[in-house]
Amino acid sequence: MREIEEQESEQIGLVFIQGAGLESCIWEPVVSEIRSPYLLVNFPDREGENGLRQSLTLQEYNAYIKRQIEDWKVRKFVIVAHSLGGVLALKIANDLSERLVGFIAIGATIPKNGGSFLSTFPFAKRLLMNVILRVFGTRPPESAIRKGLCNDLSPERATEVVRGFVPESIHIYTDRTKAIVPTNVPKLYIKLAKDKEMSLSQQDKMISNFAPQKIEVLETGHLPMLIKPNELRNSLNTFLTQLELY
């Protein structure tokens, strides 16, 4: 067992950071057959009182995720960030730069100049979204989750996503990341061609902010890990293979 652990610690691992409202189990269809060590990070206070969770800052989310990675025995890793997970991933990439060897963004929000999630939107929409978040909270109506997050999922799978959705603290939308996009590691952006949650033009803006060496396109909505896990896994494996060739 000790020998196996030592072998895994020498491999390049994958750190998966999901989008807002989603649990780490969202990645299970992808990692169930993945060849590399992986870590599915959890967000803080998932089982606690909503009022407590709503007070958490972006910094506290990042500290919680960072501790999980620091306790992981794998030395070198690639971040795999989905949706708003891109906001969380930037600070992790900066803080653990000595261990980071790659960054994969999947339909991910990538602010520039240390900005917030909201900063990625035009000024008028930014103001509107800020008001909506503060008045109505961070859990969208069920109909919005189905039409946005789940537009290409089966009704049964969409129901699972709706039931498992946990509203996040407003701070992960409004707080600045205070982190820059890494420039010294290979980066891949996976664009989601049928995404109804993040428009293609918005994804193009995120790609511009991210400046990846490579862009791939999956013909899916916002949750490719559920609708095309094999294709997504292949993209991750190919990225790792290319890293190992250097």
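Tutor: What follows goes from the ground rules to the overall fold, then to a strand pair, a serine and the cysteines.

Student: What are the ground rules?
Tutor: This is a predicted model, in which local features need pLDDT of at least 70 and side-chain atom pairs count only at pLDDT 80 or more, while totals for chains, interfaces and linings use all residues. Residues are numbered from 1 along each chain as its sequence is written, and side-chain values use heavy atoms, with hydrogens and water left out.

Student: How many helices and strands does the protein have?
Tutor: There are 12 helices and 6 strands. Helices (H or I, at least four residues) and strands (E, at least two) are DSSP runs, numbered from the N terminus.

Student: And why call it as compact as a globular protein of that length?
Tutor: Because its radius of gyration is 17 Å, close to the 18 Å that the globule rule gives for 246 residues. The radius is taken over C-alpha atoms, and the rule is 2.2 Å times the number of residues to the power 0.38. Along the principal axes, the C-alpha atoms fill a box of roughly 55 × 35 × 35 Å.

Student: What share of the residues is buried?
Tutor: Buried residues make up 52% of the 246. Buried means under 20% relative accessible area, exposed over 50%, and partly exposed in between (1.4 Å probe, protein chains only).

Student: Switching to strands: in which sense do strands 5 and 6 pair?
Tutor: Strand 5 (residues 187–192) and strand 6 (residues 214–218) pair in the parallel sense over 5 bridges. Two strands pair if DSSP finds at least two bridges between them. L192 has L218 in strand 6 as its bridge partner.

Student: Where does S24 sit?
Tutor: S24 lies in the loop between strand 1 (12–17) and helix 2 (28–31). At 12% relative accessibility, S24 counts as buried.

Student: What does the side chain of S24 make a polar contact with?
Tutor: With the side chain of N42, at 2.9 Å. A polar contact is a pair of N or O atoms within 3.5 Å; within protein, one must be able to donate a hydrogen and the other to accept it, and residues adjacent in sequence count only if both atoms are side-chain atoms.

Student: How many disulfides are there?
Tutor: The structure holds 0 disulfides, a disulfide being a pair of cysteine sulfur atoms within 2.5 Å. For C150, the closest cysteine sulfur is in C25, 13 Å away and too far for a bond.

Student: Are those two cysteines buried or exposed?
Tutor: C25 counts as partly exposed, at 44% relative accessibility. C150 counts as buried, at 3%.
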